[in-house]
Amino acid sequence: MNKYGNELFAGTALFYSRYRPLYPASLIRLLIQRFALDGTGQMLDLGCGDGRLALRFVDWFERIVGIDQEAEMIQQAIHLQQETRFSNTKWFLGDLENYITNHEEKFKLVTIAKAFHWMEREKTLELLFSMVSPGGGIAIIDPASTKVTPSLWELKVDEVMKHWYGSERRAGNTVYRPPSETYEQLIIRSNFDLETIELPPYQHSWNIGSIIGNIYSSSYGAKHFLGDNSHLFERHLREELLKIEPTGRFEEKIQLSVQLALK
């Protein structure tokens, strides 16, 4: 993630915590069943963000570690943990290499949810191989490769964003470049075994406020990129969306893919 700088998600953590859709229960059930989780062992959530995914597993592990390089995200994770009063979760600000320097631990499950593309992927798999317990593995969670056809309102959001943010996807101090290799290719070349699972699609309901908040939760849609024009952007987007759906309520079909790297 270093090539994007240390402020990739600067100013987004509060929006992230409030507006990002929760991962579906089907994902949690899949991982519980696939790794026979029983309340023992440890879990690592790498690129944990605000910690909401990690905290879904507190009853299924003795201890959970969340690692993220964004201080604002770790602060949100600590706040959420304090609100929910769980005591078996630890948050670490830094990267995987920093963590390994002072910790020698084994993890039954490692989750990387919508974060693997920011990492040095091949190196990350190499480092994690010695950290994963025999019979354990890594779950790399991302939107499914067979993308759901976007609805009219989603296309309009993209159009308005390009108008205000530009056609290139900004990321920290540079521009985002997608990985040249698929995750499957990387896992096959690693010491792990590959298993791919596509979860069934699920629906998420939005209103205009949550759509805007979700945009501001992203690295490329961070509010600070708009400078003094955020109110103009919001007004433009609101007007365009209400033309499509006067009720201001919108539905999105979401499908996730899970690439399992098994040891």
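Visitor: Is the crossing of α7 and α10 left-handed or right-handed?
Guide: This is a predicted model. In it, the crossing of α7 and α10 is right-handed.

Visitor: What makes α7 roughly antiparallel to α10?
Guide: The axes of helix α7 (residues 152-165) and helix α10 (residues 230-244) cross at roughly 155 degrees and come within 10 Å. Angles over 145 degrees count as roughly antiparallel, so α7 is given that label relative to α10.

Visitor: Which residues of α7 and α10 meet?
Guide: On the α7 side they include L152, W153, K156 and V157, and on the α10 side L232, F233, H236 and L237 are among them. By class, the contact has 12 nonpolar, 2 polar and 2 charged residues.

Visitor: How many aromatic pairs are there?
Guide: The count is 9 aromatic pairs. One of them is F15 with Y19, whose ring centres are 6.5 Å apart, with 25 degrees between the planes.

Visitor: Why is the pair of F15 and Y19 called stacked?
Guide: Planes under 30 degrees apart count as stacked, and the planes of F15 and Y19 are 25 degrees apart, so the label applies. Both residues lie in helix α1 (residues 13-19), 4 residues apart, about one turn of the helix.

Visitor: What makes the pair of F92 and Y99 edge-to-face?
Guide: Edge-to-face takes planes over 60 degrees apart. The planes of F92 and Y99 are at 80 degrees, with the ring centres 5.1 Å apart, so the pair is edge-to-face.

Visitor: Which residues do ring pairs link into a cluster?
Guide: The cluster consists of F15, Y19, Y165, Y216 and F233.

Visitor: Why is G137 called buried?
Guide: Its relative accessible area is 0%, which is under 20%, so G137 is buried. G137 is in strand β5 (residues 132-143). Leaving aside neighbours within four places in sequence, the contacts of G137 include F35, K108, L109 and A261.

Notes:
Residues numbered from 1 in each chain as written. Predicted model: local features only at pLDDT ≥ 70, side-chain atom pairs only at ≥ 80, totals over all residues. Heavy atoms only, no water. Axes fitted to C-alpha atoms, helices over the stretch in contact; angles between N-to-C directions. Helix = DSSP H or I, 4+ residues; strand = E, 2+ residues; numbered from the N terminus. Parallel < 35°, antiparallel > 145°, perpendicular 65-115°, else oblique. Left-handed = near helix turned anticlockwise from the far one by under 90°. Contact = heavy atoms within 4.5 Å. Nonpolar A, V, L, I, M, F, W, Y, C, P; charged D, E, K, R; others polar. Phe/Tyr/Trp six-rings, centres within 6.5 Å; stacked < 30°, edge-to-face > 60°. Buried < 20%, exposed > 50% of the residue type's maximum accessible area, 1.4 Å probe, protein only.
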